[in-house]
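Me: Hi! I'd like to learn how labels get attached to a structure. Could we go through one together?

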Amino acid sequence: MRNKSAAGKREIVTTCTRDCTNTCGLIATVENGRVVRLRGDPNHPFTRGRVCHKAAKFIKRVYSAERVLSPLRKEKGEWKQICWEEALDEIAGKMKQIKRDWGTEAILYYLGYGERTALKLLNVRFFNLFGGVTTLMGSLCGGTGQASQDLDLGCRISHDPLDHYNSASMILWGRNPVTTHFGLVPIINDIRKKGGTVILVDPLATKSVALCDHHIQPAPGRDAFLAMAAAKLILETGREAHVFLSDHCEGLDAYCRILDRFSLDELAEKCDVPKKQIHLLADTLLEQPPTAILLGWGLHRWEYAHYAIRSIDALSAISGNIGVPGGGVSQGFEEYGPYDPEGWGEHLASTGRKLLMPMIGEEILKAKDPPIKMIFVTAANPVCMAPNSRKVAKAFAKTEFVVAAGHFLDDTSDHAHIFLPVTTFLEETDVTASFGNNYIGPVNRAIAPLGQCKSDFEIFQLLAGRFSFAGEYVRPLEDWLNELLGPLLSQGVTMEQITGGAVRLNAPMVPYANGKFPTPSEKFRFMRIFKPEKLSGNMDEYPYRLISVVAHDYIGSERTLSDHKPMMSVRIHPAEAAKKKLRDGQTVRVKSEVGELRARLTLDPAQRRDTVVCNRGGWIKAGHGVNLLTRDLVSRVGMGAPYFETKVDLLPIEG
Ligand SMILES: Nc1nc2c(c(=O)[nH]1)N[C@H]1C(S)=C(S)[C@@H](COP(=O)(O)OP(=O)(O)OC[C@H]3O[C@@H](n4cnc5c(=O)[nH]c(N)nc54)[C@H](O)[C@@H]3O)O[C@H]1N2
Ligand SMILES: Nc1nc2c(c(=O)[nH]1)N[C@H]1C(S)=C(S)[C@@H](COP(=O)(O)OP(=O)(O)OC[C@H]3O[C@@H](n4cnc5c(=O)[nH]c(N)nc54)[C@H](O)[C@@H]3O)O[C@H]1N2
Ligand SMILES: [Mo]
């Protein structure tokens, strides 16, 4: 174990568990029981001692005066401190009463993305042992891309990020690593240092523009046309990967028939990209192999996002980049993948209903037989982060009993009847995998829990003690970790290795290297159906697309009330502002078909003229809350949340 201690000062190896692709290996310096420094663990093979500014700021969050340190109950609209016994007795009592009167499915367990560690499986297991409650299906995050790539590849597997050191060129397709995955930055710089071209494809001008040689700014939601145009160029000149296509692919003819429906000019016009840039894309793929394509999450946020993702896969296949070191189309990894799936305890439940996460407000409101009587939320802030916040808030407000477990009193906690204060990862023992790399890392407790905070693990252990299934659930943490990590331990990895630092999972550096795909024919499958009329384009009475992306300084909605500026900021192109007689810095009304919000206008000549750009994550009660504007629908593939199918207009404040 690399955890060291000297008189009064200790250094603990741990891993950032926050909802971020980077999953930094960390060393926490503890003095007199307090974390005084969080630095990168130089021994982490991917993050290599580097750490982002948000990790350093995390210490402030842990010790924030706004953090809740004891259980709370809402009484006549006011929060009152209560003890754990009281809180847990009340929750258990309510659960038993609801089970008796309505059945277990009248309870919704909402598991969010705030912390995705091994022990989180047991939260779900608790509810399965209870009988099986209503849970979620679909995703606010990455479901669409994964399901779309599954159609092409059989099972989506990304290249190990370190394999991109073998890439001669790279296309960042709707991804912003400078902000969201900075462990990729040295790898990208290395490609450029070796003379390779790096292209960003993003309708927005993000911080990652500076990382790239070229920036292609397609019309939002219309990447399918761009990928098709580049593929067409390659095929028309006979430069495609003949052997790969004939031996390892099926459906190319059908895909070519799709391409035949459009001329290059039409495709270029539909994605609003100059033909010169389409040539650049095709030439880079052909002249600088291998080319890695890295997909981001912004691409998922469309109803027909699979058209874009599948066309990008097709482009990579046609150019001969699939299954090749340094190539491929990569995105995420299975953060819950390394654990024994039995840990979730699905086999233990006698019943269970699922509601669609991307439409959770609507789903709760219309749930019948039984209706939703209770919601238990952990590691999430759905009122703020799920689409159509007003509807989500309405659904929570009409629910008889809501329990929220978290760190701060956010928008969702405001609708709770009981608030349970949880520990941060610095106060926890656990293990975490990543959705951005192939390592599993230790979460070693650096400090004692603050105040009365307890981990989710401990909360569900204590709650289980109030039910007849306690004997099957109440066990020491180490036993559970051993069980959940069974698949790894059986490969010869030891607990000592995992608690000592990051361990690489048994995952390929280069997926599909043998040219075989886990599809029925073992071949890569091209998309066969494409209905271009389904892709967003019609701007009718709302002239702008609202693109709400990650904030550079915060993860999700993890911020405190006092962190907020008084108003959300929206960026538009100065020419559009001039057209509407709006000024930089002015307060405007941002109006969509589902809601309205005030925001401060920032003019930005680097943005497209058809988009309004803002960050996601600001709280509604702080005057932000972009999801007051977003529509709640579900993507056609992968049950994802098409947040960006939201059109808005900007209006001056009257009077
Ligand atoms: N600082 C910070 N880092 C984070 C997070 C955070 O909140 N803050 N969140 C983490 C999480 S949960 C996730 S899922 C990841 C997300 O990581 P990223 O995917 O890198 O980030 P996003 O901002 O979601 O989307 C990336 C880009 O997609 C672009 N985009 C939107 N629509 C389209 C389109 O139609 N076509 C193309 N080509 N591009 C499009 C957006 O303009 C945006 O710049 O980041 C993780 N890291
Ligand atoms: N408009 C718009 N909205 C979006 C997106 C978008 O692109 N545009 N992207 C979406 C994406 S990618 C994501 S991942 C979702 C995120 O949506 P959510 O998961 O609902 O939201 P977070 O803001 O990540 O909230 C996590 C909360 O969990 C708490 N927490 C952290 N660790 C723990 C723990 O161990 N236990 C408990 N009980 N609580 C903990 C944190 O303090 C925080 O309050 O939002 C989505 N929302
Ligand atoms: Mo996410």
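Reply: Happy to; we will take a few labels and check each against its cut-off. Keep in mind that this is a predicted model.

Me: What makes the contact of Asn627 with ligand 2 a polar contact?

Reply: The test asks for a pair of N or O atoms within 3.5 Å. A polar side-chain atom of Asn627 lies 2.8 Å from a nitrogen atom of ligand 2, so the pair meets that limit. Taken alone, ligand 2 exposes 920 Å², and the protein buries 97% of that.

Me: Which residues are closest to ligand 2?

Reply: They are Ala405, His407, Ser548, Ser557 and Asn627, and 31 residues surround the ligand. That shell divides into 11 nonpolar, 10 polar and 10 charged residues.

Me: How do you know where ligand 2 lies relative to domain 1 and domain 3?

Reply: Look at who supplies the shell: domain 1 and domain 3 (538-652) both give residues to it, so ligand 2 lies between them.

Me: Why is helix H3 called largely enclosed?

Reply: A residue counts as buried under 20% relative accessible area. In H3 (residues 120-129), 10 of the 10 residues are buried, so the helix is largely enclosed by the rest of the structure.

Me: What do the buried residues of H3 pack against?

Reply: Their partners include helix H2 (84-102), strand E7 (107-111) and helix H16 (456-464). After H3 comes Gly131, with a positive phi near 140°.

Note on methods:
Residues numbered from 1 in each chain as written. Chains lettered and ligands numbered in written order. Predicted model: local features only at pLDDT ≥ 70, side-chain atom pairs only at ≥ 80, totals over all residues. Heavy atoms only, no water. Near = heavy atom within 4 Å. Polar contact = N/O pair within 3.5 Å; in protein donor to acceptor, adjacent residues only side chain to side chain. Areas by Shrake-Rupley, 256 points an atom, 1.4 Å probe, with all protein chains shown as cover. Nonpolar A, V, L, I, M, F, W, Y, C, P; charged D, E, K, R; others polar. Domains from an automatic or database assignment. Buried < 20%, exposed > 50% of the residue type's maximum accessible area, 1.4 Å probe, protein only. Helix = DSSP H or I, 4+ residues; strand = E, 2+ residues; numbered from the N terminus. Contact = heavy atoms within 4.5 Å.
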